[in-house]
Amino acid sequence: MADLLSQSPSSRRGFLRKSAALAIALPSAAELLSGCAEGKASKPPASVDHAMPAPAPAPVLSARAKADAMDAMHEMGVKAFPAKTQGRGNQLFQPRMQGGVKVYDLTCSEVEWEVEPGRTVKAWAYNGQVPGPQIRVREGDRVRVNLKNELPQSTAVHFHGLELANAMDGVPFVTQPPIKPGESFSYEFVVPNSGSHMYHSHHNAAYQVGMGLLGAFIVEPKDARNEPKVDVDQVMILNDTMHGYTLNGKSFPATEPLVAKLGQTVRIRFMNEGMMIHPMHLHGMHMTVIAKDGWDQPAPWKCDTLNIAPGERWDVIVKATNPGTWAFHCHILPHAESEHGMLGMVTALVVQPVNA
Amino acid sequence: MADLLSQSPSSRRGFLRKSAALAIALPSAAELLSGCAEGKASKPPASVDHAMPAPAPAPVLSARAKADAMDAMHEMGVKAFPAKTQGRGNQLFQPRMQGGVKVYDLTCSEVEWEVEPGRTVKAWAYNGQVPGPQIRVREGDRVRVNLKNELPQSTAVHFHGLELANAMDGVPFVTQPPIKPGESFSYEFVVPNSGSHMYHSHHNAAYQVGMGLLGAFIVEPKDARNEPKVDVDQVMILNDTMHGYTLNGKSFPATEPLVAKLGQTVRIRFMNEGMMIHPMHLHGMHMTVIAKDGWDQPAPWKCDTLNIAPGERWDVIVKATNPGTWAFHCHILPHAESEHGMLGMVTALVVQPVNA
Amino acid sequence: MADLLSQSPSSRRGFLRKSAALAIALPSAAELLSGCAEGKASKPPASVDHAMPAPAPAPVLSARAKADAMDAMHEMGVKAFPAKTQGRGNQLFQPRMQGGVKVYDLTCSEVEWEVEPGRTVKAWAYNGQVPGPQIRVREGDRVRVNLKNELPQSTAVHFHGLELANAMDGVPFVTQPPIKPGESFSYEFVVPNSGSHMYHSHHNAAYQVGMGLLGAFIVEPKDARNEPKVDVDQVMILNDTMHGYTLNGKSFPATEPLVAKLGQTVRIRFMNEGMMIHPMHLHGMHMTVIAKDGWDQPAPWKCDTLNIAPGERWDVIVKATNPGTWAFHCHILPHAESEHGMLGMVTALVVQPVNA
């Protein structure tokens, strides 16, 4: 992980090759480990198909050998981080300008999404990304979002946190008709309030949001004088449904690290699009909580573990004062680790020397 | 839903009639919908008994027909809101005065409770209501609560949040003997502290509270000068146990909307009597959090999604500045929607034009 | 419970004897109780082995007899509190001084741990305690923690909340190699920040922390002028995994009460080492929240129900103004009570008369 920013595409193939090798070398190690009831569902060991004669009776592993086998799985996960996968969500969305309007063309469709190396799932995505592309505008901007529905179900987009006119709120049969398969709909509005918001499906939403129809909608304030000056500004969307435990659509070791130089200031915009709380714990440094759902906290407060509930957004500031690679994970431990190593909602904050 | 406040009793019959008709017209639509694993337990489709010959093989529905069938279920739920049901909880409780004491006579017994149209469950209720009748007094009032137990189990009443003398705290074998079936007990006290509190069973409470033995106990402060002036003051009790996901004892579409004129101020007193957290999300406007468990927050803060844990009460203020009918729901999405439409912990804030 | 502080060791034997007697007198009472689906797994009734002839058909109990049987189980639990058990966790750890360094020798090993009378489980413990011994130092102290691993798995210690140098952070393969079975490792650092922190395993942690590898790490500030003056300062570690619902490693009725004289000030340091939230509710008095994760809250606020998520620490102050024995429990009710009586995450705050 020391070289985590210099990983080449070949690293992933190496990871998979080593993984398969280990599975063959230690075919029954996982089963032999004691106390392994937790976390199996999250990251099952790779199954190995091989037409081989019946194996000889498994040798009894010593405690040390069992510990070594478990440690090897842990090491492999850490060494693979950040693992390369196909597809990247939450990419900054450049609008096209049309008569002073920022226009965002979104198409929702079913795609294959690689959550971590070798685990590819069906996803419902905006423009092929999970999370959808990051919309970032300024308070007072005129915005048009053209949604084209290429899914087999009707859908609609709710701009979660924006105080729009009722007709733009995106709730079928309450504020608009559902957007049928093959059809389109345009949302247009002047952005009314700043902060860290979201856009997501509001139709059959437990399913459609769970499948990936979600993204960040960031609004910079018109008057930026009170905005904290930051060097790094990163969105972290938590999810826990059909695609497992993910940060920005990926599971460890395919999650993306946050990287800062020593002394820099990092802003993290947490957003929970899942169905469970996730108390995110940062090692080595604390977080100062400055906003909730896009509204400034009147009295910012500090913590190292921030509980984020579904639908909430929390903005925090981290001063990168402590050099090193720091674990950063959900503290509901089965969302972060099993006997097979770290998994799911784990990433790292990497604080680099100034001259690195 | 445009005419949501003019629903007549016949609407419900119409709802059920349409429901049955749809069930016959689209008997297999639900099963044919793709990706429908979520939420079925919360709101099963109505079963249809009919002595009919074996049906012909179901035709294969096109994607569009499947989408239309799902949308029809969603539309039906929204159009039925607010659906009429038998029984209404949380009704303001007028005490009888006896020598300067406000006397509340409560009887707990087993009743039938209609949670949503056509879904009637066994409930344990105070005075036949779920939640029990709303007690609303002033700090310093002398209050007597006479409990008569007509249930098959012993019980006791805890006044959750009130700082009473120990003997009035309602915990069997700690502060009093249990109140046996057929017996009565009187609680009497001078109300010591203001705020949004609750009363509920504290005996076999996971079961008894889950079955409905709970209600709001609101205490207005003696010195009301710091109280916000509000036009609407509404209690919203969340529950998630034996009766499903409910707001004030009812599931969508039988939940009650909040209604305000444009420009009015609404106070909502959230209370969680369930076993899960519920992050309540308001569309179109934000909430200002002013009190926790009846105690003023020293620095009120804003949000659009408020996470409410079991036993907590949160008071918020909403300025009704945005006209329209706004969804208002738990953001753990399976508590609010399935492929069959909105369900459970969904209601609306209706902001009406001033001259309506 | 009036005599709860004068319980002799014989009380426990008496508890068990009475328990067996009741089980024989009312062999089928539990099954006969109506509506008893909740909570059974948490505290199964003691099984009674007896070679006896087949019993006569169980008589039909009247509602009153069933209520009495349930009440008797509730009474027995309350009367047994605080029940004596083998072993006590969270004991203050006296360091040995070595050249100006406070040295703490920790050995982790598998032990038998009595969670409540008659329920003994396998635990992984630091120095035989669950939670491990309480480390309490001052900001700026030089500390060495020598860990000896006598477990069958590798391990490592993370000092959760302390902003240490990266090499001391305790995350295998990120900051250090795992500490293999039979091996040792020394952590050494100058304590960088004050507050209520924790130490626990960070290797296969969902399992190892769940089994008991956790403890409190309290750091008093160098400048104590802003510290609240308190008469009682108590740690309360919440857990909910392999050992059931526990407070400081014990389940009700074996939990330890908090005891204060009328007028005294109590500081409670809540820490959640489990996998679920626990909203802790205090009866009779409120709590003032002064710190989160060891950091002062800029605007302390009041509540009676405090929601504590995994990994979080919250410090509160309670003024013991209301005399009596007050229930103090998680308000997720199945974590605190079943038809068999109170269980799990229940304790009491006992406010004694000044001259007691």
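Helices here are DSSP runs of H or I with at least four residues, strands are runs of E with at least two, and both are numbered from the N terminus.

Before going on, the ground rules. This is a predicted model, where local features need pLDDT of at least 70 and side-chain atom pairs count only at pLDDT 80 or more, while totals for chains, interfaces and linings use all residues. Residues are numbered from 1 along each chain as its sequence is written, chains are lettered from A in the order in which they are written, and side-chain values use heavy atoms, with hydrogens and water left out.

Back to the helix. How does the length of α3(A) compare with expectation? Its 18 residues, 63–80, should span 26 Å at 1.5 Å a residue, and the end C-alpha atoms are 26 Å apart, which agrees. The expected span is 1.5 Å times one less than the number of residues.

Chain C next. In α3(C), the buried residues include M70(C), D71(C), M73(C) and H74(C).

Now the symmetry. Copies are superposed by least squares on C-alpha atoms of residues with pLDDT of at least 70 in both. Chain B goes onto chain A by a rotation of 120°, with 0.0 Å of shift along the axis and an RMSD of 0.0 Å. That is the relation of a three-fold axis. In chain B, A299(B) comes closest to the rotation axis, its C-alpha at 4.1 Å.

Chain C also superposes on chain A by a 120° rotation, with 0.0 Å of shift and RMSD 0.0 Å. Here the C-alpha nearest the axis belongs to A299(C), 4.1 Å away. Only 5% of the interface residues of chain B are also interface residues in chain A, so the copies meet through different surfaces.

Last, the C–A interface. Contact means heavy atoms within 4.5 Å. On that basis, 44 residues of chain C touch 43 of chain A. The two chains bury about 3,500 Å² between them, 60% of it on carbon and sulfur atoms. That is accessible area (1.4 Å probe) lost on being put together, summed over both.

How many salt bridges lie between chain C and chain A? Four, each a side-chain nitrogen of Lys or Arg within 4 Å of a carboxyl oxygen of Asp or Glu. One example is R313(C) with D304(A), at 2.8 Å, N to O. On the side of chain C that touches chain A, β6 (157–160), α4 (205–210) and β16 (295–303) each give two or more residues. The largest share, four residues, comes from α4(C).

Terms used: Buried means under 20% relative accessible area, exposed over 50%, partly exposed in between (1.4 Å probe, protein chains only).
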